Amino acid sequence: MRHHALLYVTLLAVFLMACSEEHEHVAPAIYPRDSVSVMISNGVNTLISDSGVVKYRIVAEQWEVNQNKKPSRWIFEKGLFLEQFDLAMHVQSFIQCDTAYYYDTDRLWELRGRVRIHTKNGVKFSSEELFWDERVKEFYSNKFSHVITPDKELKGNRFRSDDKMNKYSVKYTNGYFDRNDFANSPRSNMTKTQADSAKMQGRGQASPRRINKNN
């Protein structure tokens with residue numbers, strides 16, 4: 001009988017010790033993750049306005065808005081087609097690319113992949129990269145760019161343009177110009193007499209001269 005009582009007391013002591021050493025099971029804290037988006041829309045076809053004026057039409061397979069990334073951005077991982085309007089809602093140009101990011105706080109577009117622009121004036125632009133700064137109304141790219149207009153063609157790096165593609169520059173260029181671009185050059189406006197006079201004023205042909213090897 002004493003043996004059973006002693007065993008019972010021992011088991012009770014072990015049970016009480018085990019209860020006193022219990023650990024609280026707490027799940028790890030949940031922190032906002034950088035990958036969480038506030039909105040993901042599929043099959044997008046929508047108009048974007050600024051100060052009550054419709055400026056763009058966006059067509060995209062997927063549109064993601066992420067405000068947790070720094071800076072916050074719109075993400076178009078599956079391509080973007082964008083139409084740009086004037087105040088009368090006439091299409092001024094369209095832009096398409098494989099991937100696009102819009103940094104809404106900076107009002108800056110980053111276009112990647114097969115970037116293409118066509119304007120109503122017949123200007124065509126292509127590159128693998130293009131930035132569009134809405135604050136200063138400027139396009140720019142530091143990668144190889146190809147610009148075709150109705151009368152010329154340019155290829156080069158460091159492209160800069162206003163957002164209407166009316167004034168642009170391409171550095172480190174090579175390209176084709178229509179000969180009519182040079183029709184109004186000063187040389188073409190010269191009379192035959194003026195051209196002959198200019199030729200006579202140039203450097204004349206040097207006469208052969210014997211060299212004395214003894215000097």
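**Group meeting: a walk through the model**

M89 has a positive phi of about 65 degrees, although M89 is not a glycine. You'll find M89 in the loop between β4 and β5 (91–97).

Before going on, some housekeeping. This is a predicted model, so local features need pLDDT of at least 70 and side-chain atom pairs count only at pLDDT 80 or more, while totals for chains, interfaces and linings use all residues. Residues are numbered from 1 along each chain as its sequence is written, and side-chain values use heavy atoms, with hydrogens and water left out.

Back to phi for a moment, and to M165. M165 also isn't a glycine, and has a positive phi of about 60 degrees. M165 belongs to the loop between β11 (152–162) and β12 (168–177). So, is M165 buried or exposed? At 3% relative accessibility, M165 counts as buried.

M165 also turns up on the contact list of T119, and contact here means heavy atoms within 4.5 Å. Not counting residues up to four places away in sequence, T119 touches Q92, S93, K164 and M165. T119 is part of strand β7 (residues 108–119), and T119 is buried, because its relative accessible area is 12%.

Okay, the overall layout. The protein has 2 helices and 12 strands. Going from the N terminus, the order is α-β-β-β-β-β-β-β-β-β-β-β-β-α. There are 215 residues, and 28% of them count as buried. The accessible surface, by Shrake-Rupley with a 1.4 Å probe and, for residues, only the protein chains shown as cover, comes to about 16,000 Å², and 53% of that belongs to carbon and sulfur atoms. As for contacts between residues at least 6 apart in sequence, 32% join residues at least 24 apart.

Now the inside. When I say nonpolar core, I mean a set of buried Ala, Val, Leu, Ile, Met, Phe, Trp, Tyr and Cys residues joined through side-chain atoms within 4.5 Å. How many residues does the largest one have? It has 29, and I58, F76, L80 and W109 have the most contacts inside it. Strand β2 (residues 53–66) gives the most to this core, with 5 residues. There's also a second, separate core of 5 residues, including I75, Y103, L108 and F131.

Have a look at I58. Leaving aside neighbours within four places in sequence, I58 is in contact with V44, N45, T46, I48, W74, F76, L80, F81, L82 and W109.

What does E110 touch, not counting residues up to four places away in sequence? The list is T99, A100, Y101, Y103, L130 and F131.

E77 has a relative accessible area of 42%, so E77 is partly exposed. Beyond four places in sequence, the contacts of E77 are D98, T99 and Y101.

One backbone detail: K70 and P71 are joined by a cis peptide bond, with omega about 0 degrees. P71 is in the loop between β2 and β3 (73–76).

Last stop, the pocket. On a 1 Å grid over the protein atoms alone, a pocket is an open set of points where a 1.4 Å probe fits, with protein on both sides within 12 Å along at least five of seven lines; lining residues have an atom within 4 Å of a point. Grid points are joined across faces, edges and corners, and the volume is the space filled by probe spheres set on the points. The largest pocket holds about 310 Å³ of space. It is lined by 15 residues, with K55, Q84, F85, D163 and K164 the closest to its centre. Which strand gives the largest share of the lining? That's β2, with 4 residues. Both β2 and β4 (80–85) supply at least two residues each.

Definitions and conventions:
Buried < 20%, exposed > 50% of the residue type's maximum accessible area, 1.4 Å probe, protein only.
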